Amino acid sequence: MPTLTALANLVSFGAVDRRRAATRAAAARLHAAAAAQADVELELFRTPAGVRFAVALTAPFRERFALELHAAARDGREASALQTLTLPGRADWWRWPLARDLAITDAASAEIVVTDLLAQAWTAAAGRGGSPAPVADSDRATYLSALALHAAAASAGVGYLARDEALALMAEPCLALTSLHRSWPSFGHALARGQRAFAEAELDSLVTGQIVRRLLADPRSPWVRVPWPSPTEPAGRTPDGVRRPALVA
């Protein structure tokens, strides 16, 4: 029959084994996260300026779901996943919000949704009766164009679209937004105002407003690090200065 001392030793050894297992698991998670972040940093280095700008336009949607700026500040790094087609966090996490919020479940639905959002954006930007769009319609056009960009970029991030397919879809909303705005503050505030028309609750608008303010102020934000294209660039060109679909290059 085991003595009390033997039983105590068994309990102690079991606790030590559990701690060791937990330590090994934590180390494995940290190693995997560091490797994944290194891959994103390398992708950022290889990403053309025009693509970085186009993805940065989707930052409010990414930040709302993944808190990449918060993670970057915590880890003392750049918010790289707000400038690359690779999504912040695990890619499979994004399939659920894409399906819930945009009804995107595959390549075909992604293309349909992006095309529909762009059509709505152009209708809003055109205004009624061919007249210049009121401010509210310009705000809606901004939000819808940015949402189309996000839909295309995120669809590539989860594997529904190939990189070149996504970039081809992203070219038109990117051009629309650079024709509507001349700076990150102009774009960000218009997006926040335009989002209110689609918000299901006042809290949604408040959260979007907070995210926009942080993106404009945080030194790690792509809105601080990536310049807005010059207003002197020729019409019909992407931020890279070459004709569509230049984002594919």
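Start by selecting Ala 125, which counts as partly exposed in this predicted model because its relative accessibility is 25%. Ala 125 and Ala 176 are 51 residues apart along the chain, and their C-alpha atoms are separated by 9.2 Å.

Next, zoom out and show the whole chain as a cartoon. You will find 11 helices and 0 strands, so the elements read α-α-α-α-α-α-α-α-α-α-α from the N terminus on. The chain has 249 residues, of which 43% count as buried. Among contacts with a separation of 6 or more, 71% are between residues 24 or more positions apart.

Now for a helix pair. Select helix 9 (residues 184–195) and helix 10 (residues 202–217), whose axes lie 9 Å apart at an angle of about 175 degrees. With that angle, helix 9 is roughly antiparallel to helix 10. Which residues meet here? Show side chains on helix 9 for Trp 184, Pro 185, Gly 188, His 189, Leu 191, Ala 192 and Gln 195; on helix 10, their partners are Asp 204, Ser 205, Thr 208, Val 212 and Leu 216. By class, this contact of helix 9 with helix 10 has 6 nonpolar, 5 polar and 1 charged residues.

Helix 9 and helix 10 each give two or more residues to the lining, as do helix 3 (59–66), helix 5 (95–102) and helix 7 (135–157). Which helix gives the most to the lining? That is helix 5, with 5 residues. Colour the lining by class and you will get 15 nonpolar, 3 polar and 5 charged residues.

For the last stop, go to Ser 221, in the loop between helix 10 and helix 11 (222–225). Is Ser 221 buried or exposed? Ser 221 is buried, because its relative accessible area is 0%. Show its surroundings: leaving aside residues up to four places away in sequence, Ser 221 touches Leu 69, Arg 214 and Leu 215.

Key. Residues numbered from 1 in each chain as written. Predicted model: local features only at pLDDT ≥ 70, side-chain atom pairs only at ≥ 80, totals over all residues. Heavy atoms only, no water. Axes fitted to C-alpha atoms, helices over the stretch in contact; angles between N-to-C directions. Helix = DSSP H or I, 4+ residues; strand = E, 2+ residues; numbered from the N terminus. Parallel < 35°, antiparallel > 145°, perpendicular 65-115°, else oblique. Contact = heavy atoms within 4.5 Å. Nonpolar A, V, L, I, M, F, W, Y, C, P; charged D, E, K, R; others polar. Buried < 20%, exposed > 50% of the residue type's maximum accessible area, 1.4 Å probe, protein only.
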